[in-house]
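Welcome! Take a look at it first, and then read on.

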Amino acid sequence: MASYLFGDSSSSSEHKGYDYYTPPVTKKHAFRKLFVDDEIIDVDSYDTKGKTNETIDGDDNVGGSDCDYSEEDEENDEENDEENDEENNRDNTNDCDFTFSNINDVVPCVGMSFDTLDEAEKFYRDYGRNVGFDVIIRNTHKHSRSHDPSSRMFICKKGGRLAPISHCKGKRIRDSIPRTGCCARMCVAHQVKINKWKITSIKLVHNHAMVTPDKTQFFRRPQNIDPITRALIELFNKSGIETAKIMRLLSETSGGVQNLGFSNQDIRNVIRDIRRRVFDDGDAECGLLLLRQLQQESINGEFFYRVDVDDENRVRGLVWVDPRSMNAYKNFGDVVTFDSTYRTNRYCMPFIPITGVNHHFQNIFFGFALVRDEKEESYKWVLETWLEAVDNKAPITIITDQDVALGNAIAKVMPQTKHTYCTWHISSKFPEKLSTLYTNYPEFKSDFNACVYKSLTPTEFEGRWEDLVAKYQLQDHVWLNQMFSIKDQWIGAYTKGYFAAGMTTTSRSESMNSFFDEYVKASTGLKEFIENSQKALEAQYLREVKGDYETEETARRLVLRSSLEIEASKIYTKEMFKRFQKEYVKSASYTMKRASNSESWFKMYLVEKSTLPENSRRSYQIFVSSEGTIECICKNFEHSGMLCKHIIHYLVKKDRTKIPSIYIMPRWTRDGNKIVGPLPYVPPVLANVGETQTARYSALCQSFQSLGAIGSCSVPRYKYIMNVIEREKCSVNNIFLIEEKNERTQESFRQEDYQHDPIFDPPISQTKGRKKQERYKSGIETSTSSNKQRKCGKCGLIGGNHDRRNCTFLPGQFK
């Protein structure tokens with residue numbers, strides 16, 4: 001029984017005993033078709049022998065149906081494959097290469113051709129979503145020689161019948177899609193001579209109700225995440241944007257969530273696949289390749305990195321220093337903070353940002369390191385390797401937390417460097433260690449703080465300490481005795497005699513840790529960590545450039561407008577002048593008087609704050625030598641490099657109009673970053689336009705912004721530009737297809753040129769500190785919980801408390 005369809009597809013409302021749905025054919029593309037045995041085909045190319053030989057291999061849950069082909073049909077089809085290909089190639093003059101401005105207005109028909117198989121699949125999936133049914137791949141045939149796809153059948157998701165599901169213990173039970181034996185399908189075949197994919201048969205009849213438009217957005221269509229969208233998702237993920245926010249960004253750009261064609265879970269799957277690809281290729285290998293790339297792109301190959309491996313060639317330590325960090329260390333390397341408490345990464349390896357401050361009192365990086373453990377040998381290797389990168393020039397002062405292993409390593413590698421402890425880490429232990437004293441003696445806290453923080457000289461501190469011990473009977477207090485034994489490393493009366501840029505804590509390094517929290521997670525690997533460190537370095541560089549611009553192009557706001565204040569505004573950077581101005585304003589509330597002394601080679605002055613009551617005033621001694629040097633008992637200049645309010649008051653009283661040159665530290669001046677000469681710095685290029693698709697996509701988007709602004713002015717402009725884009729899109733695909741294939745072949749050869757011993761990922765580090773406690777389980781939960789041990793699908797280890805997503809062993813190592 002045959003019937004001709006011209007533009008409108010209408011037939012009886014019953015078919016094999018059930019209602020069915022046939023989508024209408026649009027008037028714009030009304031093709032002459034023949035409806036034979038429920039199959040719509042081209043009238044001119046109709047051949048009763050041209051049925052496709054297909055067996056189900058695209059969906060595990062699909063079984064046979066009333067519409068399945070028989071085995072005899074399959075044998076006949078196999079014999080006629082070559083004959084059909086020749087006939088299709090002869091008929092290609094009647095084929096149409098369709099380019100549509102609105103694909104939702106088009107109904108598939110025999111004769112349509114597409115450039116690629118993906119385009120054909122996307123066309124049918126978009127058509128199905130517009131009509132209201134989901135699409136799955138039923139089977140795919142491949143060429144016998146090239147093994148490339150030669151034909152593919154797409155069917156309605158409710159086609160076929162359900163295969164029996166075996167419920168295995170330990171496997172997740174999924175909900176199944178009800179099958180109705182729907183016969184709707186589309187078959188495409190590859191035309192070799194013209195290199196096109198042609199629709200060879202089509203069925204538009206459904207025996208079930210269609211899904212409403214508001215629910216089609218929930219179809220499972222992971223293929224609808226095109227390569228460009230995948231690249232954007234990867235870019236957003238690298239920038240620290242969460243999955244939900246990525247979904248909102250993409251939905252805004254596409255006009256709503258319903259137009260995306262994927263969900264949050266699909267985005268998570270893309271991110272999972274990206275990370276799995278990195279770890280399957282070897283995270284350590286990818287990180288090493290990135291470091292080598294940064295070294296090649298740096299000026300004269302000055303980028304420095306070293307990798308330490310163990311006997312199994314697993315990464316044990318990693319140090320890398322950018323040329324910008326080397327130049328910054330030459331200018332500001334007198335003080336370094338060293339913090340190893342950050343370990344948010346896949347391997348729980350302690351991350352060590354080696355930091356300092358520049359002339360704007362901003363954080364700067366002198367290098368980065370990752371170590372497997374917190375042993376003395378590991379720290380010693382990091383310090384020695386880092387010194388090698390900075391020409392073996394040790395800093396004046398290094399500030400760390402109270403770590404014995406790190407302290408021993410510093411004493412051996414940098415014996416001339418003054419090592420001080422972070423006062424914040426020590427003071428944070430006061431409530432825990434001194435809680436009993438705080439409770440029993442209300443005055444103890446004020447006496448203890450006065451002894452620790454208000455003592456100006458070692459002699460004053462020791463006297464107050466002795467009084468404190470005697471008053472509260474602290475002779476046998478273990479922790480206080482231990483802290484007193486290392487008093488020269490954390491008490492200000494001892495440490496202020498050494499230059500430390502005014503820093504007493506490792507907060508500079510810890511603030512960088514909070515910066516990394518925006519980019520890294522517990523699943524971040526070595527390669528991604530290195531990339532994030534370069535991002536932090538670039539952010540630091542831009543902050544410094546911005547500080548230079550604001551210092552040079554803006555004028556300071558003066559308070560007293562004295563000659564001393566005006567000169568300071570011309571010498572110091574914007575931030576450091578604010579600090580000088582703050583001390584300068586405070587100096588106005590002090591008074592000075594000459595003090596008698598028996599020595600003739602210096603004069604002594606007493607400076608007091610006149611706004612305080614006489615019984616609570618503190619006298620600060622200023623010593624002026626016969627050579628003109630000035631020294632204050634507060635040691636602020638020695639510790640920070642900036643004049644204190646006491647010396648500034650002395651200069652004002654002596655009618656000094658300029659700051660003595662010996663009290664102007666070059667590191668705080670406007671040219672502080674040019675002490676050793678500016679380094680021609682080129683930011684490291686992590687994604688060259690000619691290397692990654694994401695970079696090329698970003699460059700093209702920027703170029704098309706002006707074109708979009710012009711085209712959006714009117715409807716005719718918009719239609720014209722859209723037609724041009726559609727036309728040129730096909731031309732670009734046809735012109736550059738062969739060239740891109742050759743480039744990929746050459747790229748594979750270039751990647752194979754580099755040969756080296758493989759480096760494997762490090763194991764999970766066991767660092768110091770309290771282990772994470774397991775959640776308490778009740779007796780019922782313990783008795784009912786399964787004792788089955790987990791098996792890793794990558795290495796085969798049973799009971800290893802990991803899976804293939806975070807496995808650090810070799811593939812098949814325990815199988």
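Of the contacts in the protein chain with a separation of 6 or more, what percentage is accounted for by residues 24 or more positions apart? In this predicted model, the figure is 62%. The chain has 815 residues, and 45% of them count as buried.

**The chain as a whole**

- The secondary structure of the protein chain comes to 26 helices and 20 strands.
- The chain exposes about 45,100 Å², with carbon and sulfur atoms supplying 50% of that area.

**Aromatic pairs**

- The model holds 31 aromatic pairs.
- One of them joins phenylalanine 361 and tryptophan 668, whose ring centres are 5.9 Å apart; with 40 degrees between the planes, the pair is tilted.
- Phenylalanine 361 sits in the loop between β13 (351–357) and β14 (363–371), and tryptophan 668 in the loop between α23 (645–653) and α24 (693–711), so this pair ties together parts that are 307 residues apart in sequence.
- Both phenylalanine 361 and tryptophan 668 are buried.
- Another pair brings together phenylalanine 461 and tyrosine 494: their ring centres are 5.9 Å apart and their planes meet at 85 degrees, so the pair is edge-to-face.
- Phenylalanine 461 belongs to helix α15 (residues 458–472) and tyrosine 494 to helix α17 (residues 492–495), so the pair ties together parts that are 33 residues apart in sequence.
- Phenylalanine 461 is buried at a relative accessible area of 1%, and tyrosine 494 also counts as buried, at 16%.
- Phe461 and Tyr494 are part of a cluster linked by ring pairs, which also takes in Phe430, Tyr438, Tyr441, Phe444, Phe448, Trp465, Tyr472, Trp479, Phe484 and Trp490.

**Around tryptophan 668**

- The charged end of arginine 667 sits over the ring of tryptophan 668, 4.5 Å from the ring centre.
- Glutamate 575 is 93 residues from tryptophan 668 in sequence, yet their C-alpha atoms are 9.2 Å apart in space.
- Leaving out residues up to four places away in sequence, glutamate 575 touches His360 and Phe361.
- Glutamate 575 is found in helix α21 and is partly exposed, with a relative accessible area of 29%.
- Elsewhere in the chain, arginine 618 has its charged end over the ring of tyrosine 620, 5.9 Å from the centre.

**Helix α23**

- Why is α23 described as largely enclosed by the rest of the structure? The reason is that 7 of its 9 residues are buried.
- Those buried residues are Lys645, His646, Ile647, Ile648, His649, Tyr650 and Leu651.
- They pack against α20 (563–571), α21 (574–586), β17 (590–595), β18 (602–609), β19 (620–625) and β20 (630–632).
- Just after α23 comes aspartate 655, which takes a positive phi of about 55 degrees.

- Leu700, Phe704, Leu707, Tyr718, Met722 and Ile725 make a nonpolar surface patch of about 540 Å².
- Helices α24 and α25 (715–753) each supply at least two residues of the patch.
- In an α-helix there are 3.6 residues a turn, so residues three or four places apart point the same way.
- Tyrosine 718 lies in helix α25 and counts as partly exposed, at 47% relative accessibility.

Terms used:
Residues are numbered from 1 along each chain as its sequence is written. This is a predicted model: local features need pLDDT of at least 70, side-chain atom pairs count only at pLDDT 80 or more; totals for chains, interfaces and linings use all residues. Side-chain values use heavy atoms; hydrogens and water are left out. Rings of Phe, Tyr and Trp (its six-membered ring) pair if their centres lie within 6.5 Å; planes under 30 degrees apart count as stacked, over 60 as edge-to-face and the rest as tilted. Helices (H or I, at least four residues) and strands (E, at least two) are DSSP runs, numbered from the N terminus. Buried means under 20% relative accessible area, exposed over 50%, partly exposed in between (1.4 Å probe, protein chains only). A charge sits over a ring if NZ of Lys or CZ of Arg is within 6 Å of the ring centre and within 35 degrees of the ring normal. Contact means heavy atoms within 4.5 Å. Accessible areas come from the Shrake-Rupley method with a 1.4 Å probe; for residues, only the protein chains shown count as cover. Patches are made of residues with over 30% relative accessible area and no salt bridge: like charges are joined within 9 Å, nonpolar side chains (Val, Leu, Ile, Met, Phe, Trp, Tyr) within 5 Å. A salt bridge is a side-chain nitrogen of Lys or Arg within 4 Å of a carboxyl oxygen of Asp or Glu.
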